[in-house]
Amino acid sequence: MPARKGTVIVEEQSRTPNRLSKETSPYLLQHADNPVDWYPWGEEAFEKAKREDKPVFLSVGYSTCHWCHVMARESFMDATVARMLNENFVSVKVDREERPDVDSVYMAVCQAFTGRGGWPMSIFMTPEKKPFFAGTYFPKSGRYGMSGFIDLLSAIHEKWQGERDALLSSAEAIVSGLNREAQSPAETDGAALIEEAVALYKQSYDEKYGGFGDAPKFPAPHNLLFLMTYYEKSGDAVALGMAERTLTQMYRGGLFDHIGYGFCRYSTDRFFLVPHFEKMLYDNALLIMAYCKAYALTQKPLYREVAQKTATYVLREMTDAAGGFYSAQDADSEGVEGKYYTFSPEEIIETLGREDGEAFSRCYGITPGGNFEGRSIPTLLPDRSPDPALQKCLPTLYTYRKKRTRLHLDDKVLTSWNSLMIAALCRLYRVSGDGDCLAAAQRAQRFIESALCEGDTLFVSIREGKRGKKAFLDEYACYAFALLALYEATLEAGYLARAAAIAQKTVADFWDAKNGGFYLYGKENEALILRPKETYDGAMPSGNSVMACVLIRLSLLEGDEKWGGLAEAQLAFLSGVARAYPPGYAMFLTALSDTLDPPAKITVVLKAPNDRADAAAKLPKDALVLVLDAPTRQYPLKNDKTTFYLCKAHSCLPPVNDPAEWA
């Protein structure tokens, strides 16, 4: 055994890196030493496939994906599998976070083939990029009713050689079916959509443990934001209760990292006990927003504390020296899922001393039997509260844990996810007054402008100074959303103007003037076999939903004359799509509710530009505010002083020189 193990090590050390070694994506670099002759997505790979008359194998994943790691270890590091791929196929690796267009197009194919999707995604296609077979994870050899990857490669190679017409016919049928231009769905009643969504949330709500449905349970903070907005406008205490119980249980459970803070991706069980341990930037951004909303509505300190701790995690572990935010941390440590996050009672006592160690173990459920594969995830379940006296133990355990093992960090900076974090930090600033959060948000925005923008053109990502492709809808929508959040936090007119410019660019490049809605990729992107419109709010809100928020906010701030028509058209498009299953469109429904019941709007007319800070200090923290640097015919000064105009519930109050007069 030692000799064989040693031989493997020598073979791995002497292996020549493949083409992925020249890429900057952490996911692609994870496969740079595979014996598979991988190509990045590009014409070189497809030209080779045409020249050598071979089908293309496309593998899509991301760097912190557990099952991507498993398939890599089982198959892509295996000499037999590599030989079959290299001899009979052209193999292409794609990072879904850098090429969401490729991921979206072929995920639609995968779902059409299998009825489900996920990563790693495995697609077999012609050199013309037309798919004829799709799936997700395949074990190297067949087991438990799953096809083996080796058998699959053999079968597809045989069919390519002997039954190619059938494969090509299948590919044409798939592309033709998916490419049929869907009729623009009929607009439906917005208020009815909102009520139906709330009713369906109530049906699927887990009253005992919080959350919705059975395992796995994803945080889906935009669902909670919608329910809290619904409560805010309707007074429905049940909607607020569902959101509060879910937020509390997610914090108490293993989904929240009680040692180093921040949230993992989802709960594998009904109880929010055992998470899938990877941490994603977008989850933490959206969760900060949800906890801030809960605090704003209830003034319960726990919600603000959780939001602040989550921001602490992001600023401490996920922030680049230049101000951008990293993408993700892995679930696996040293090849073992969750190893970084779990403890034994002996470790705790050895690290903290007996008295504190035993007290900490009692409080956080660290037991000899453990709650995850013989070890313990620290939690406060079922209903424990943290002991303030034990908070002094957290830095010690945090330092110990970092020295004990390490997590892989996906250190690329994504424009869309960074934008969500900017918006989250702005919201946290507005409920907490924490100037460090606002400063971090502003610094990240400056980083996007300097590193990920050329004029009004955005780029997907940057890593080690190398930018990714030109941006897609999500980048534009989320960046405009972030700029509006910065404007609302600071009242600096430059942020509002920049948000409007980015929104105009988005409309010019992505808007479907015929059928409504925004395409995923625009005029400056590579054309693929399909041109999808993503509308469903899954783990992240769709670009179409975020654009609905942006257009409505701009129309409220800058007036219906400029943005109202576009906002109306986007709402009409999405309301038609959402009819099939309203709870799947929570971010859109939140935006829709702001048109049916607009928030109060304060227009501030400054006597002089340097009055801005003084005026801002007098305003409610959660107000929707438009600042005018000079009076207009519609908004004159009162008493020749800075003047405040308030409109709410479709009516306006008389202007005042101090908002306190409205009390």
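**Sheets and cores of a predicted model**

Four strands, taken in the order 18-17-19-20, make up an open sheet whose pairing is mixed; strands here are DSSP runs of E with at least two residues, helices are runs of H or I with at least four residues, and both are numbered from the N terminus, while two strands count as paired if DSSP finds at least two bridges between them. The edges of this sheet are strand 18 (624-628) and strand 20 (651-652), each of which pairs on one side only. Strand 17 (residues 601-605) lies parallel to strand 18 over five bridges, and within that pairing Ile602 has Val625 as its bridge partner.

The model is a predicted one, in which local features need pLDDT of at least 70 and side-chain atom pairs count only at pLDDT 80 or more, whereas totals for chains, interfaces and linings use all residues. Residues are numbered from 1 along each chain as its sequence is written, and side-chain values use heavy atoms, with hydrogens and water left out.

Strand 2 (residues 56-61) is largely enclosed by the rest of the structure, because six of its six residues are buried, that is, under 20% relative accessible area, as against over 50% for exposed and in between for partly exposed (1.4 Å probe, protein chains only). In a regular strand the side chains alternate between the two faces of the sheet. Here both faces are covered, with Val56, Leu58 and Val60 buried on one side and Phe57, Ser59 and Gly61 buried on the other. Strand 2 pairs in the parallel sense with strand 3 (residues 90-95) over six bridges, where Val56 stands opposite Val90, and it runs antiparallel to strand 4 (residues 121-125), to which five bridges join it, Phe57 having Phe124 as its bridge partner.

Leu58 also belongs to the largest nonpolar core, which has 216 residues, and is among the members that touch the most others, together with Trp41, Tyr106, Phe149, Tyr291, Phe360 and Phe588; such a core is a set of buried Ala, Val, Leu, Ile, Met, Phe, Trp, Tyr and Cys residues joined through side-chain atoms within 4.5 Å. Helix 19 (residues 473-490) supplies the largest share of this core, 14 residues. A second, separate core of eight residues includes Val274, Tyr341, Ile377 and Leu407.

Another open sheet has five strands in the order 8-9-12-15-16, with antiparallel pairing, and its edge strands are strand 8 (279-280) and strand 16 (466-467). Strand 12 (residues 409-414) and strand 15 (residues 461-463) are joined by two bridges, with Ile462 the bridge partner of Val413.
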